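Please read these notes with the model open beside you. Each point takes up one part of the fold and can be checked by eye.

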Amino acid sequence: MANILIAGGGTGGHAYPALAIGKELKHRNPQWNIEFAGRNDLIEGRIVPLEGFKLHEVYVEGFERYYSPLRKAKVAARAALSFFQSFRLLSKFKADCVVGTGGYTCGPIVLAAHMKGLPTLICEQNVIPGFTIKSLSKVADKVCLSFADAKEYMAKPDRCIFTGNPVRREFALFNRGIARNSMGLEDDELLMLSFGGSLGARTINNAIAGALPFFAANPKFKLVHITGRGQQYAEFMGDVGDIPKNATIIEYSNDMPMLMNAADLVLSRSGASSVSEINYVGVASVYVPFPAAVFDHQTKNAQVCVDKGASILIEDSKLDAESLVNHISSLIDTGILAKMAAASKSLGILDSAEMISLEIEKLVATV
C-alpha cells in the first residue's frame, strides 16, 4: 500500500500526462491510493474527477514579467499561501511519493515534498523545459524526459531518464480499423482531424473556416474540426455559413483516441501531449506551433517530427485558408500520407507510462 500524490495541470499538456500516469499506477498497483493536486477551475478540475480520482485544491497562479507591480505582489502572496497549502496537504495525505507533470500548479507541491524528505519525480514534456520543471530539476530525485535533448537543460543530468510522454491508456483501446468502423468511414475516404489544443487556437479556426469550400468540393475528404470551448466555437460558427456535409464542427471532444486513430491527417498546435498522442497512433501531421510558447518550445517539438519526415510545419503567421488548402492538396496522396504515418509511428513511445510508473515504484520502495 502506498499513497501517491500527482500534481500538474493548467493545460491539457500537463493534466493528461498526469492522468495517464495515475491510471497506469492504479492498473499496476490496485491497492495503491492515487490522488491529485491542482486547481478546481482549470482543466484538471474537470477531467480528474471524471476518471474517478480525488483532486485536492492547491491554488497557485502563473507569473509573467509583464504583470504590474501590484499583480506581481498578489501572485507572490498566492505562491506563499499555496506553499503552506502543500505542506498541510502532504501531512494530511501522508504521501509516499510526489509526482509533478509540469505547469506552475505542481511547483509548490514538489518543492514542499522535497523539504519534507519525500521522494519526488517530475516529468518534462517539451524539448526545452519550462521554468517550473527546470527549477524543480535541482531537487527532484528523478526527471523523466519526453525528448532526450531536454537533458542538457536540467540541473542534474545524471537524474534524468528518457521515457517519452505518457499517453492515456484509451489510445491503445483503438486501432485504425476499429476507429474507422466506429465512425462509418469507407476505405476510400480520407479523414482530417484539426484542433488547437484544449483551449482552441484562433489561427487554426480561421484557416479551417476559410477552407470549408475545399472540403465541400471534395466529398471523399472528411473533416472533424474541434474549435475549443465557449467563445471560440461561437466565433467560428458566426464566421461561416453552411457547413459542408462532410465536415463536422464541434467545440470539444472526449473521443480523441478514436478520432486520432481514424485520421489520415492531423492539423494542430505542437504542444507536447498532442505530438506524443499523434506519434503514439502514427498519423501524418501538419503542425502550427503557438508563437508565444515559452522559449518557442512548440517549434522545437514540431521540428523533431519534421526532421523525421512525419510532419509539415507551418508558421502561425503564414497559416491561412489558402496556405492550408495548398498543403492539404499536396498531401492527398495515400503514398505520401502512409510514409509520413510510418515516420510518425517510429517516433512513438508506447510504454512511456509504464516506464515512469516503474521509476515511481522504485522510489516508493526506498521509503
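**Notes on helix packing and selected residues**

1. The axes of helix α7 (residues 202-216) and helix α12 (residues 321-331) come within 8 Å and cross at roughly 50°. This is a predicted model, in which local features need pLDDT of at least 70 and side-chain atom pairs count only at pLDDT 80 or more, while totals for chains, interfaces and linings use all residues. Residues are numbered from 1 along each chain as its sequence is written, and side-chain values use heavy atoms, with hydrogens and water left out. Axes here are lines fitted to C-alpha atoms, for helices over the stretch in contact, and angles run from 0 to 180 degrees between N-to-C directions. Helices (H or I, at least four residues) and strands (E, at least two) are DSSP runs, numbered from the N terminus.

2. At that angle, α7 and α12 are therefore oblique to each other. The scheme is that angles under 35 degrees are roughly parallel, over 145 roughly antiparallel, 65 to 115 roughly perpendicular, and the rest oblique. The crossing of α7 and α12 is right-handed; a crossing has that name if the near helix is turned clockwise from the far one by less than a right angle, and is left-handed if anticlockwise.

3. Which residues meet where α7 passes α12? From α7 they are Ala207, Ile208, Gly210, Ala211, Phe214 and Phe215, and from α12 Ala321, Leu324, Val325, Ile328 and Ser329. Contact means heavy atoms within 4.5 Å. By class, the residues of this contact are 9 nonpolar, 2 polar and no charged. In this count Ala, Val, Leu, Ile, Met, Phe, Trp, Tyr, Cys and Pro are nonpolar, Asp, Glu, Lys and Arg are charged, and the others, Gly among them, are polar.

4. Leucine 212 is also part of α7. With a relative accessible area of 4%, leucine 212 is buried (buried means under 20% relative accessible area, exposed over 50%, partly exposed in between, with a 1.4 Å probe and protein chains only). Apart from neighbours within four places in sequence, leucine 212 is in contact with Leu223, Phe236, Val240, Ile243, Pro244 and Ala247.

5. The contact is formed by Ile278, Asn279, Tyr280 and Val281 of α10 with Ser344, Lys345 and Leu347 of α13. It has 4 nonpolar, 2 polar and 1 charged residues.

6. Is serine 276 buried or exposed? Serine 276, a residue of α10, is buried, with a relative accessible area of 16%. Beyond its neighbours within four places in sequence, serine 276 is in contact with Asn165 and Val167.

7. In helix α2 (residues 43-50), the buried residues are Ile43, Glu44, Ile47 and Val48. They cover an arc of only 100° around the axis, which puts them on the same side of α2; the arc is that of the directions from the helix axis to the C-beta atoms. As background, an α-helix has 3.6 residues a turn, so residues three or four places apart point the same way. The cover over the buried residues of α2 includes α1 (12-28), β2 (33-38) and β3 (55-57). Just after α2, glycine 52 has a positive phi of about 85°.

8. Most residues other than glycine have a negative phi. Lysine 94 is not a glycine, yet has a positive phi of about 60°. It lies in the loop between α3 (69-93) and β4 (97-100) and counts as exposed at 59% relative accessibility. Phenylalanine 295 likewise has a positive phi, near 60°. Phenylalanine 295 sits in the loop between β12 and α11 (297-307), and at 51% relative accessibility counts as exposed.

9. Serine 285 belongs to strand β12 (residues 284-287). At 1% relative accessibility, serine 285 counts as buried. Leaving aside neighbours within four places in sequence, the contacts of serine 285 include Leu265, Ile278 and Met340.
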